[in-house]
Amino acid sequence: MSGAGLRKIYDALDARNYKAALKLCEKASKSSRVALALKALTLQRLGKRSESGAICDDLMAMPIGEMWSDTQLVSALTMALTSLGREMEACLCWERSLESKYDQSIALELFRLSLRHTAVNGPKLRTIATRLYKETHESIYLFWVAAIALTEARIAGNNKTNQMKTTLRLAERMAAKAVGTGGYSAQELELVLGIKGELGEKPLDTLRSARQSSVHAERPPSSAMLELLEAQAMAENGDTTEAYNALVSIVRAKPDDWPAVASLAQLGGSNNMSMEAQEIFCQIAQSSPESLGPRLGLLELWRHFGDVTRLQEALLQYLQDKAASRSCFDDLQMYLAWIARNGHDLNAIAGDFEADNSLRSLIDFEMTDTVMSQTTENVLSQETKLQALATRAKCARYLGLEMPLNCTQLASAAIIAHKYGNYDIVDDFAVLCFEQARDQDDTAILIEGCCFLEWARTCRKDGNSPMVELSAMRALERLGASEAGLRLYGSLGVKQIQLE
């Protein structure tokens, strides 16, 4: 089948015009197995799974030979099988292709799929990586072999066989060979330390030698990273007090070093040192008021300790202090989910996501006529309050609580933000307004929400926010304007096949 013919089928699939794609496939499938595989994919998209599966069965029955060396066919069949949930057979396609014709790109694809879709098949993956090394003499493939062995050992846990231990020793030597005389990079050092840990060896000696040798590495680990790894090694070795003191020193010096903050929180939360860790985080937060690390460290501490009440208190304090930060909702999302997942009574904290009177006073249509005459100081203050209100509304929405504002108030807030020229806040309120309207069983309100979302899309001059674009696509689909939704989808530049 010609490349142009295939391109037409893929374009139809990308545009989600499955009926047109099916016609093209049926026309070409009598002479092209690639078109037949794409027909299977198209039928799955149309909900005809049994017909799609039957075509896949026929193609999988092909004998190993020249046909399996056609990577276009294998790629199309892989997509069809994956869409049907038959990931193991998708990997088998590339195994057969590799048997028919050895090619580095095929080996890499098999390696990628095997890691993504199947339980780790260590021997197979190590064989592929070793063959790639022999073909290319690139040291990266030796690290692949070592990483696979480490992954197998970690999955096995305390049930490691003698063969696994022997493989780990071999992996350690391969990693050392790959490092050579150039010194450890950061990633290489972490890999070697992981292997030594699984072998029951103390990694401190390796760390100390790394301090000397890494100066010659192409991407040497930073001194801060070496200090952090050494502290983590102390903790694994049972030297809890030394590890704790080392982590405290790192966090005091660099309050926003998240790996160090998270390690301190984990150590404090799992070794009956939670109160000491809490005191340290509070002290650092006071001495470094602009740093987010210590405040997020408290959240991480109580999550590890499993104390929902204290986590809730720390979360609400973070919300009170940092609600005006653009990243506040993203910072809190994982902890909001953890509280909800652990069966906490969300109604008990619902009031904390309400807007207070000073915030509500902003949401007044009359204000939009006078806002531009305010001083710069007042504008910045109002913007800060609007961002805080948007954060609280997003938190309430995420937890399924009653929103602090209705659709009209949300729309008013977006208009005020537009007057200030803050389009990020406009996007937040426009999306919240649409979602609020979508939840109501009233077509007129839904249309108003969709129209307001469309207004928000026209505000930006530097390209629309992906969040707003996706909401607009959902809005059009909800209204039954599927053709307009498809046009918008096509303008996003995101291919459905790649997403799936």
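This is a predicted model: local features need pLDDT of at least 70, side-chain atom pairs count only at pLDDT 80 or more; totals for chains, interfaces and linings use all residues.
Residues are numbered from 1 along each chain as its sequence is written, and side-chain values use heavy atoms, with hydrogens and water left out.

Of the 500 residues, 49% count as buried; buried means under 20% relative accessible area, exposed means over 50%, and partly exposed lies in between (1.4 Å probe, protein chains only). The accessible surface comes to about 25000 Å², and carbon and sulfur atoms hold 49% of that area, computed by the Shrake-Rupley method with a 1.4 Å probe, with only the protein chains shown counting as cover for residues. Among contacts (heavy atoms within 4.5 Å) with a separation of 6 or more, 62% join residues 24 or more positions apart.

The interior comes next. A nonpolar core is a set of buried Ala, Val, Leu, Ile, Met, Phe, Trp, Tyr and Cys residues joined through side-chain atoms within 4.5 Å. The largest such core has 63 residues, and Leu38, Leu77 and Ile195 touch the most other members. Helix 9 supplies the largest share of this core, with 9 residues. Leaving aside residues up to four places away in sequence, leucine 77 touches Ala37, Cys56, Leu59, Met60, Trp68 and Cys93. Another core, of 44 residues, lies apart from the largest one and includes Val261, Leu267, Leu296 and Leu319.

Side chains of opposite charge can pair when their charged atoms come close. The structure holds 15 salt bridges, each being a side-chain nitrogen of Lys or Arg within 4 Å of a carboxyl oxygen of Asp or Glu. One of them joins glutamate 300 to arginine 303, with the closest N and O atoms 2.7 Å apart. Both residues sit in helix 17 (residues 293-305), 3 residues apart, or about one turn of the helix. Glutamate 300 is buried at 5% relative accessible area, whereas arginine 303 is partly exposed at 25%.

Other pairs reach across the sequence. Arginine 326 and aspartate 428 meet in a salt bridge at 2.4 Å, N to O. Arginine 326 belongs to the loop between helix 18 (308-322) and helix 19 (328-341) and aspartate 428 to helix 23 (residues 423-439), so this pair ties together parts 102 residues apart in sequence. Here arginine 326 is partly exposed, at 36% relative accessibility, and aspartate 428 is buried, at 3%. Helix 23 also holds aspartate 439, whose salt bridge with arginine 397 brings the closest N and O atoms to 2.5 Å. Because arginine 397 lies in helix 21 (residues 376-399), that pair links parts 42 residues apart in sequence. Arginine 397 is partly exposed, at 23% relative accessibility. Elsewhere, salt bridges that share partners join Asp57, Arg86 and Glu89 into one network.

Most residues other than glycine have a negative phi. Histidine 137, although not a glycine, has a positive phi of about 60°. This histidine 137 is placed in the loop between helix 8 (122-136) and helix 9 (140-156), and counts as exposed at 60% relative accessibility.

Notes. Helices (H or I, at least four residues) and strands (E, at least two) are DSSP runs, numbered from the N terminus.
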